[in-house]
Protein chains: 4
Amino acid sequence: MKALRKMQAARGLSLESAGTPAIGASDVLVRVSAASICGTDLHIYGWDRWSQGRIKPPVTLGHEFCGVVEKIGDEVEAVKTGDFVSAEMHVNCGHCHQCRVGEAHICQNLKIIGIDQDGAFAELVKIPAANIVKLDPAIPERYGAILDPLGNAVHTVLAGPIAGRTALVTGCGPIGLMSIAVAKACGSSTVFATETNAHRRAMAKQMGADVVLNPAAEDAVAKILGETGGTGVDVLLEMSGNPTAIQQGFKALRAGGRASLLGIPTENVPLDLVNDVIFKGATVQGIYGRRMYETWVQMTALLKAGRLNLEPLFGERVNPRLEENQYGDEACLNKERRR
Amino acid sequence: MKALRKMQAARGLSLESAGTPAIGASDVLVRVSAASICGTDLHIYGWDRWSQGRIKPPVTLGHEFCGVVEKIGDEVEAVKTGDFVSAEMHVNCGHCHQCRVGEAHICQNLKIIGIDQDGAFAELVKIPAANIVKLDPAIPERYGAILDPLGNAVHTVLAGPIAGRTALVTGCGPIGLMSIAVAKACGSSTVFATETNAHRRAMAKQMGADVVLNPAAEDAVAKILGETGGTGVDVLLEMSGNPTAIQQGFKALRAGGRASLLGIPTENVPLDLVNDVIFKGATVQGIYGRRMYETWVQMTALLKAGRLNLEPLFGERVNPRLEENQYGDEACLNKERRR
Amino acid sequence: MKALRKMQAARGLSLESAGTPAIGASDVLVRVSAASICGTDLHIYGWDRWSQGRIKPPVTLGHEFCGVVEKIGDEVEAVKTGDFVSAEMHVNCGHCHQCRVGEAHICQNLKIIGIDQDGAFAELVKIPAANIVKLDPAIPERYGAILDPLGNAVHTVLAGPIAGRTALVTGCGPIGLMSIAVAKACGSSTVFATETNAHRRAMAKQMGADVVLNPAAEDAVAKILGETGGTGVDVLLEMSGNPTAIQQGFKALRAGGRASLLGIPTENVPLDLVNDVIFKGATVQGIYGRRMYETWVQMTALLKAGRLNLEPLFGERVNPRLEENQYGDEACLNKERRR
Amino acid sequence: MKALRKMQAARGLSLESAGTPAIGASDVLVRVSAASICGTDLHIYGWDRWSQGRIKPPVTLGHEFCGVVEKIGDEVEAVKTGDFVSAEMHVNCGHCHQCRVGEAHICQNLKIIGIDQDGAFAELVKIPAANIVKLDPAIPERYGAILDPLGNAVHTVLAGPIAGRTALVTGCGPIGLMSIAVAKACGSSTVFATETNAHRRAMAKQMGADVVLNPAAEDAVAKILGETGGTGVDVLLEMSGNPTAIQQGFKALRAGGRASLLGIPTENVPLDLVNDVIFKGATVQGIYGRRMYETWVQMTALLKAGRLNLEPLFGERVNPRLEENQYGDEACLNKERRR
C-alpha cells in the first residue's frame, strides 16, 4: 500500500510503498477514506526541534482520519468489517493512576498513532479496537476527518456549564472557530471572539459568534466588560496560546468564572494570580486531548443530530499547497505541542 | 386599585377595589403589565381541599407576572423606578439550613406571594427587592408573564448535563413543552416526548421534539430503547406526575442516567428501585421551584439571546374562558401542589 | 489444585481437584491467600431461584479475595510475579455506552468472576490484568479479602460530599458497618445508624456511629429530626434494602439531601415522591458495585494510611460453620442480588 | 464603651471611648467575648500603602471575633438575645451577578466590617443579622475567635474532593496549619507540607501532617514525587503566596490534580502553563473568603463534632506584644491583601 512517511531524520516526507500492517487479536485494520493535515504534521515535515526529539523514523504520519473497517482481530467484538469509523489516536496504558481514576486522556504513558507509531496517511492503518469510534453513516467524511480537533473544542466547551452563559473565545484558528459553533449549539447566550486576523474574524461571525473583536485595534477587554454590564464573561475558552490573549482573557473573565485553556504558549506566562484568579475565585482548567471516550460520545451525538454547522471550515480545502493549508501558522504552533 | 381577590372561604373570586400596598424600606412596588393564570389559581378559585387548608382570605391571587417598577423603598439600591421586571414569588427566610447552604428554593419557611400574601392579579403588587428580577426590554411581555413555569423547565433541564445527550420529556403540558425548547437550545442531541393528548403531541413537535410518542397507542419504552441502540435515554425530564409515565420513564432511562422529577403525583408511586435505580446506578432528582436566582440568570440570558422560541405556547391565548385556559387539567393538577 | 465448585444444578458445593487455569496474553494468575464467603455464595450453595437462572455448573465460586501473583501473560506490564493483589471481579466489556462514558461499573455486558466463570475459592485464579488491584504490603490479608464489600461502602459514602455533613446509615449489616467507619474517616460530623438487631447496634457503636437507634423500639425519624434541629440529615446511606427503612430514611433526610441506595429491596417500594423527593429537592442515587477503578484507588489509599479501623468486623471469624458466617441473613439477601 | 480605633491617617491605633453602635431593624448588636488580631490589623496599625488607599479614619478595627448577642433589631427572627455567635464580616450586596448565582463571597460590592466600617475590637459591635453565625456552646471561645481564617482553610480544602486523596500544603502559617487539620479530618490519605521555618514545620507535624519538608534544604518536589510513585499529589493547597512555592507546588501536582490557591503573591507569577496546567489537565481554583454560608455550616459542624484539634495553634497566645503575635510575618502578608 501507499503511505506518506518520514523516512529519515531530516526535512521532508515521502510517498512510499509499505506493507499492510499486521494486526493483533485486539486490533482493527481500517481503510482510510479521508485524512486531515494537522499542524503537527507540518512540524514533522519541517523537522523542527520538537520533531527531532520525538519522532523515530521511519514512521507513517497522520492522526486525523476516518475510514471503513477492513479487518478485525480475533478478540474484537464491538467493531465489524464495513463499519464507518474514526479513532482516538491517543493510546493510553490502562494502568497508571490517571487511567485508574477515569482520566485516560492524561495517561502517564500516552502513545500517539501517527507520531509514535504508523498513522493514517496510508491506505490502511492499524488501530486498537478500544480506540475505534463508530460513526453514523449520516456524518460526512469531511467531518469524520476532523474529529480530533473538533474533539478538542467539544472537550473545552463542555469542561463546565455553558448553557445560559456568556463565553469568550480568544483565538479563532480552526479549533477556536469550532468552539464557537459548539458553544452556541450548547446554549451559550452570547459568544464573544477575539482575533487579530481579519479573515478569521469574518469566519468567527459565520460560525455564530455574537460579538467579534480585534484586540489589535480596539480595547477588547473594555468592550466585553461593557457588554456584560461590567461583570465579564462566565467562560473563557482560550484557544490562542498567546500570552497577551491569555492575560486579556483573564481580565475579561468574571469573578467566579471558568477559564478553560487549550492553546499552547511557547514560554512561561506571567499571571496576575491575585486579581485574575484568587480574588476572583476563578476556576482555571488545563484541557488536553479528548476525554476517552466521553468527548467522542458527545461530539458524535451532536454531529449525528445536525447540531454543528462546520461548513465554513471546509471552504478552503481546494488549496493543495501544504504550506497554505487552512490551519495557518498559529494553529500549527498550537497543534505541534498539543497532540 | 382593582384586584382579583379571594374574599371568602368558598368557591369563586371577585374583582375588588383595594388600597395601594404600603411598601417597607426593602420593598418594591410594581405596576403589573401582564399576568398569567396558573393551575393553582384555578384550584383556589374552585376552593378544593388543598386551598381550604392553605389560603387565608382575603387575599389577592397571582404569582406569574411582569411589570414596571412604580416605587422603591428607602434601602433599595438594585432596582429603580421604571425598570421592567418580573419576580420570584417564593420568599425565603434567609436563615434556615437550606438558605445557609445555597438552596433557598427549598427554604424551610417559604412563603408565596399570591398564595400566602397579596399577589399580582392587581394593578400594583408589593415585592421584596431581593425577589425582583430585572428584564431586558427586548423580552416581550407575554414571555415576562410566564417566567415562573419557564423557570421550572429551565431548572429541570439544567439540573445536570444536557449537551450532547438524549432526553425524554414525559408529559407535554406547558412546562413539558417549554422543557423541549430548553433542552434543544442547550444542546440535547435527541429529544423524545411522550404524551397521550394529540393536540399536545402536535405542539411538542412544534417546540422541537425529535420523536413524539403516544404511550396509549404504542410501546413508547420499546420505541425509545430501539432508537437509542438498546441503551435508553441519558436524561428523563418527568413533567406529568402520572405514575405510569414515571415508571415508563425509568424503564426508558439508561443505566447511569439522570431522572429529574418535576411533575407531582397525587399518591405514592411504587418504584422498582432495584432495576430502575440501584442496579442502574441512576441519579434521581426532585425539582422544586427555581434556583434563587441562578435559574433566573440562565433563563433571562437565554431569552435575551433569543434562544427560546416559545411562540407556539401563546397561540391559544385568545380564549377568554377560565375553564379552558391553555394550561389544561393535568397542568393544573401539577401546579396545584407545586407552587 | 483444589477448588470449591458447584458441579451440578442442585444444592451443595464440593471440594474438587481442578486443573491450573490457562491464562491468556493479558491475564494474570493469582495464588489465593485469603477469600471471603459472600452471601451470594450461600445462595448458590442453597441453589435458590436466582442461582438456578444464573449459574452454569460446573463453576468455581469465590469473588472476594487477595493473593500473590503467580504468573503473568505475555502482554501484561502493570503487574509482576510476587505482587500482593486483590481484584475487581466485575469484568466490563469496554465498548458499551456506559464503558464509553466512564461508568464501567454499570457496563451493559458485565460478567462476574466467581459467578459466571471460575472464581477465587481455589488455589489459583485467573484474572484479566486490567482487573488486578495491587495492594500495599502494609494492608493485612483479612482486609485484602473483603475489598469487594468495603468498596461498596466507599462507593456509597463518597458518591457525594460527606465532610462536615450529617449522615444516616440504615441497616448495620457488614456493609452498613463499614460505611460508618468510612463516613467518619471522611469527615462526617455526626453519623446516625438504625438497626433492629442488638448485636449489630453494639457493633455500630464500635465502628464509630455517634447515635445508634432501634427503629423497632423508638421513633427513629423523630429522634433524628430532633437531633438535627428539625432539619434532618444531609446524607442517607441506605444499606438494608428494607422498604420500611427506606421510607423512614427518606423522612429523616433533609430537603436538599442526598440519598444513596445500596441495599436491595426484594419488591417494589411505594415512595412518597412528592414529599420525600420532589418538594424536598432531594438527590437519590442508585449505587452498584465499585467505580472502576476510582473506588479502589480511594479505598486502598484510606487503608494504606490506616484511616479505616475495621477490626470489629473480624471479631467473629473463628466460627467455621458456613451457615453462621459473619455476614448474616440480611447481608446474604442484599448480596445475593447485588453482586 | 471602649474601642481600639484608627483615629488618623497615620501609624498607630488608640484605645478610645466610643458610643454604643445604633442598630437598624435587621441588625444585631453583639457583646464581644474574644477577638483575634489578623495580619491585616497590623498593616493598618503600620499604615502601609494598602491601608492608606483603603481605610477611612476614624474606624474601629477587628474582624475575627465571637461574642454574645446583646440586642436585636425589630425584624430579626433567626437570632435572639443571649445567643453565642460569631459573624461573617464580609457584607455582600445581594444583587450583583455573583450574589445572584450563589457566589456571594466574591460579591462585586463587598464591604468588610472592621475595615470599611466599625469592627469588633470594641465592647460591642453591630452586625447585619444575615451575617451572624450561631455557635454551639460546646465550641470554646478561643476557637470562636478564629473562624475567619479557619473558614479560609475549610473553604480551600473542601473546594473539591479530598477523601482518599493525597494533599500538599505549601506554607505552614496559621491557615496552612489549619488546613492540615481539616484535610486529615476530611479523609486525606497523606498530607505533605512544605515550610522553611523550623518552628512551623514542627507545628505542621503536630497538626497531623504525614510528611513535612523543608524546601530550602531538600528537593521537596522530588521527595513528593518519590513518595507518590512518581505520580504527584492529588491536591495542592497553596497557602504561602510565595512564587517559588507556587511553582514547586504545581510541579508536585499530579496530572488531573486540583490546585487551590489561597496564599497571596505580591507580584505576577510566571507559570509554566503548558506543562503544569494544560498538558496536566489540572484544575486551578482561586479561593477567597468563605462561602456564604456553606463554609460556616461545614466548619461549625466539624468543630461541634470535635473533629478539628487546633490546640497547637493556641500554644503561644500568652505573648502580649503586638509585633510578635502568633500569626507571624508571612501570614500578615497573606492576610493583608486577602481580607
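How much area do chain A and chain D bury between them, and what share of it is on carbon and sulfur atoms? The answer is about 3,100 Å², with 61% of it on carbon and sulfur atoms. Buried area here is the accessible area (1.4 Å probe) that two parts lose on being put together, summed over both. The model is predicted, so local features need pLDDT of at least 70 and side-chain atom pairs count only at pLDDT 80 or more, while totals for chains, interfaces and linings use all residues. Residues are numbered from 1 along each chain as its sequence is written, chains are lettered from A and ligands numbered from 1 in the order in which they are written, and side-chain values use heavy atoms, with hydrogens and water left out.

The interface of chains A and D takes 38 residues from chain A and 38 residues from chain D, where contact means heavy atoms within 4.5 Å. L273(A), I278(A) and F279(A) supply 19% of the area that chain A buries against chain D, more than any other three residues. How are the two copies related? Two copies of a chain are related by a rotation about an axis and a shift along it. For chain A and chain D, the rotation is 180° with 0.0 Å of shift along its axis, and the superposition has an RMSD of 0.0 Å. This is the relation of a two-fold axis. Copies are superposed by least squares on the C-alpha atoms of residues with pLDDT of at least 70 in both. P270(A) is the residue of chain A that comes closest to this axis, with its C-alpha at 1.9 Å. The same surface serves both copies, as 100% of the contact residues of chain A recur in chain D.

The area buried between chain C and chain A is about 1,000 Å², and carbon and sulfur atoms give 56% of it. H95(C), R100(C) and V297(C) supply 51% of what chain C buries against chain A, more than any other three residues. Chain C is superposed on chain A by a rotation of 180° with 0.0 Å of shift along its axis (RMSD 0.0 Å), and G102(C) is the residue of chain C that comes closest to the axis, at 3.1 Å (C-alpha). The copies meet through the same surface, because 100% of the interface residues of chain C are also interface residues in chain A.

Two helices can now be looked at in turn. Helices (H or I, at least four residues) and strands (E, at least two) are DSSP runs, numbered from the N terminus. Buried means under 20% relative accessible area, exposed over 50%, and partly exposed in between (1.4 Å probe, protein chains only). In chain B, helix 5 (residues 147-157) has 11 of its 11 residues buried, so it is largely enclosed by the rest of the structure. In helix 9 (residues 243-252) of chain D, the buried residues are A245(D), I246(D), G249(D), F250(D) and A252(D). Seen down the axis of helix 9 of chain D, these residues fall within an arc of 160°, so they line one face of the helix; the arc is that of the directions from the helix axis to the C-beta atoms. The N-terminal end of helix 9 of chain D is capped by N242(D), which has a side-chain oxygen 2.8 Å from the backbone nitrogen of T244(D).

Some single residues complete the picture. R165(D) lies in the loop between helix 5 (147-157) and strand 11 (166-170) of chain D, and counts as buried at 17% relative accessibility. Not counting residues up to four places away in sequence, R165(D) touches residues including E294(C), D234(D) and R254(D). Which strand holds C66(C)? C66(C) is in strand 5 (residues 65-72) of chain C, and counts as buried at 0% relative accessibility. The C-alpha atoms of C66(C) and S86(C) are separated by 4.3 Å, although the two are 20 residues apart along the chain.

How many disulfides does the structure hold? Over all chains there are 0, a disulfide being a pair of cysteine sulfur atoms within 2.5 Å. C96(A) is in no disulfide, and the nearest cysteine sulfur, that of C99(A), is 3.7 Å away. C96(A) is buried, with a relative accessible area of 6%.

Definitions and conventions:
A polar contact is a pair of N or O atoms within 3.5 Å; within protein, one must be able to donate a hydrogen and the other to accept it, and residues adjacent in sequence count only if both atoms are side-chain atoms.
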